Amino acid sequence: MTRLSIPTLALLLAACAGTPTSSSEERAVMPATDAALLAAVADPGRDAAQRARDRYRHPAETLAFFGLTPTNTVIEISPGSGWYSAILAPYLRDAGRYVAASATPAPGRSNALRAVFAADPARYGRATLVEYDGKAPSLGAPASADAVLTFRNVHNWVAAGSADAYFQAFFAALKPGGTLGVVDHRAKPGTDLDTMKKSGYLTEALVVDLATRAGFVLEARSEVNANPADSADHPNGVWTLPPTNRHDEADKAKYAAIGESDRMTLRFRKP
């Protein structure tokens, strides 16, 4: 395998990430991205289709904004097919701990991540997969995690009426001073709750309220995952856009040009 120098990795990441919209406040609080994180993102062993989405998801910048270090214990909530798992598991493998936490599947179904982890022990051999009750989530020992991360999940919990229970579980799992990192599809300010539930887009105000009710303090906001081209008003909600692409074939070029959704990126702290 060809090894790339860290400066080369940094240049590659800058090229694939594009130029996100950033506020001066964000630049003031954005930590430097460490070499291990750059290497995990640029790893050529990552699935090519997943790497192609880095320009929409900005993983190195996002995880650096959340302040992760390789020695952290990190719980990722509802990792789905494991897009971030492929970065976080090797990043935390040697000195930290990566926990993928998912709701217990319905009877007769299995967690897809089990097969993903089993197929690549070199990458996931030290990762932990845990399951919880989706109606009453519990994430293990209290005050055991340095960071809890959730990517594009809060809108599902808001629609299901379980968001408060999740944020309370995050608070319980984190150590004092621990970080909650949230990325989700962003609705325009003032959007009503019913529209949010149908569209999959949430206002930042709603997410901040959920977190603060659970005891968190909002520490910083980032525009690293902003997409000004997204109007957040589509016939089939956020699912109209890539990667779901729930639209007429005739509109393919139109929505491809928009790209993935406009997203809030929020960092909270447990006092």
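Modeller: R186 counts as buried, at 11% relative accessibility. Buried means under 20% relative accessible area, exposed over 50%, partly exposed in between (1.4 Å probe, protein chains only). This model is predicted: local features need pLDDT of at least 70, side-chain atom pairs need 80 or more, and totals for chains, interfaces and linings use all residues. Residues are numbered from 1 along each chain as its sequence is written, and side-chain values use heavy atoms, without hydrogens or water.

R186 has a charged partner. It forms a salt bridge with E223, and their closest N and O atoms are 2.9 Å apart (a side-chain nitrogen of Lys or Arg within 4 Å of a carboxyl oxygen of Asp or Glu). R186 sits in the loop between strand 5 and helix 12 (193-199), while E223 sits in the loop between strand 6 and helix 14, so the pair ties together parts 37 residues apart in sequence. The link does not stand alone. Salt bridges with shared partners join R186, E204, R221, E223 and D262 into one network. Side chains of opposite charge can pair when their charged atoms come close.

Now for the strands. Helices (H or I, at least four residues) and strands (E, at least two) are DSSP runs numbered from the N terminus. Strand 5 and strand 7 run antiparallel, joined by seven bridges. Two strands pair if DSSP finds at least two bridges between them. V182 stands opposite L266 of strand 7. Strand 6 also runs antiparallel to strand 7, and five bridges join those two. There, V217 faces R269 of strand 7. Strand 7 is largely enclosed by the rest of the structure, because six of its seven residues are buried.

Strand 1 (residues 73-77) pairs with strand 2 (residues 97-103) in the parallel sense, over five bridges. I75 has V99 of strand 2 as its bridge partner. S102 is also part of strand 2. Its relative accessibility is 9%, so S102 counts as buried. What does S102 touch, leaving aside neighbours within four places in sequence? Its contacts (heavy atoms within 4.5 Å) are S78, P79, N111, V130, E131 and Y132.

Back to charged pairs. The structure holds 18 salt bridges. One joins the side chains of R123 and D43, at 2.8 Å from N to O. R123 is in helix 9 (residues 121-124) and D43 is in the loop between helix 3 (35-42) and helix 4 (48-51), so this pair connects parts 80 residues apart in sequence. R123 is buried, with a relative accessible area of 9%. D43 is buried too, at 18%.

Another salt bridge links R57 and E260, at 3.6 Å from N to O. R57 lies in helix 5 (residues 54-57), and E260 lies in the loop between helix 14 (252-258) and strand 7, so the pair ties together parts 203 residues apart in sequence. R57 is buried, with a relative accessible area of 7%. E260 counts as buried at 3% relative accessibility.
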